[in-house]
Amino acid sequence: MKKIEWDKSLATGIKSIDYEHKMLIERLNAVIESIDKNQGEGTIAKTLDFMLDYTNFHFSNEEKFISSHGYPGLEYQQQQHREFKDSLNKIILDFQQDGAGKDIALQIKDFLFIWLKKHIMEVDHELAQYVKE
Ligand SMILES: [Fe+2]
């Protein structure tokens, strides 16, 4: 399965946020890769855990960043972040119940990544715009 990639359209210009978005995409790729290579349930579970940990880490950093800049869109960001975390938790639950199938890799690629891209391009870009002004 092809790797998902960070590209310039995702750049917000805020260094720490861009860096974390890249790391998050790497974590998504790590899960996809461990499923592709049939690395076994234990390894896949670990990569899913890393992905969940990093997601929580990044979203909480982003929310702190928003608060510290007095940006008015905090609540909407929190709601969006919750939505992503819910989807991720659902994927992990599916994995725990049914094991790792191609559909989990596909859900990450076709759902989580597409969602993230849209979120970054719309919501995070607006935040970056606000901070720059
Ligand atoms: Fe965000």
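## How α1 meets α2

In this predicted model, helices α1 and α2 cross with a left-handed sense. Helix α2 covers residues 41-68, and its axis comes within 9 Å of the α1 axis at a crossing angle of roughly 165°. Angles over 145 degrees count as roughly antiparallel, so α1 takes that orientation to α2.

On the α1 side, the contact is formed by I17, E20, M23, L24, R27, L28, A30, V31, S34 and I35. Their partners on α2 are T43, I44, T47, L48, F50, M51, Y54, T55, H58, N61, E62 and F65. Sorted by class, the residues joining α1 and α2 comprise 13 nonpolar, six polar and three charged.

## How α1 meets α4

Now for the other partner. Helix α1 (residues 15-36) packs against helix α4 (residues 102-132) at about 170°, and their axes are 9 Å apart. This pair, too, is therefore roughly antiparallel.

Here α1 contributes I17, H21, L28, V31, I32, I35 and D36, while α4 answers with I104, A105, I108, K109, L112, F113, I120 and D124. Eleven nonpolar residues take part in the contact of α1 with α4, along with one polar and three charged.

## The nonpolar core

The largest nonpolar core holds 17 residues, and L28, V31, I32, I35, I104 and I108 have the most contacts inside it. Each of α1, α2, α3 (74-98) and α4 supplies at least two of the core's residues, with α1 giving the most, at six.

What does I32 touch, leaving aside residues up to four places away in sequence? Its contacts are M1, A105, I108 and K109.

Key:
Residues numbered from 1 in each chain as written. Predicted model: local features only at pLDDT ≥ 70, side-chain atom pairs only at ≥ 80, totals over all residues. Axes fitted to C-alpha atoms, helices over the stretch in contact; angles between N-to-C directions. Helix = DSSP H or I, 4+ residues; strand = E, 2+ residues; numbered from the N terminus. Parallel < 35°, antiparallel > 145°, perpendicular 65-115°, else oblique. Contact = placed C-beta atoms within 7 Å. Nonpolar A, V, L, I, M, F, W, Y, C, P; charged D, E, K, R; others polar. Left-handed = near helix turned anticlockwise from the far one by under 90°. Core = buried A, V, L, I, M, F, W, Y, C linked by C-beta atoms within 7 Å. Buried ≥ 20, exposed ≤ 12 C-beta atoms within 10 Å, placed from the backbone.
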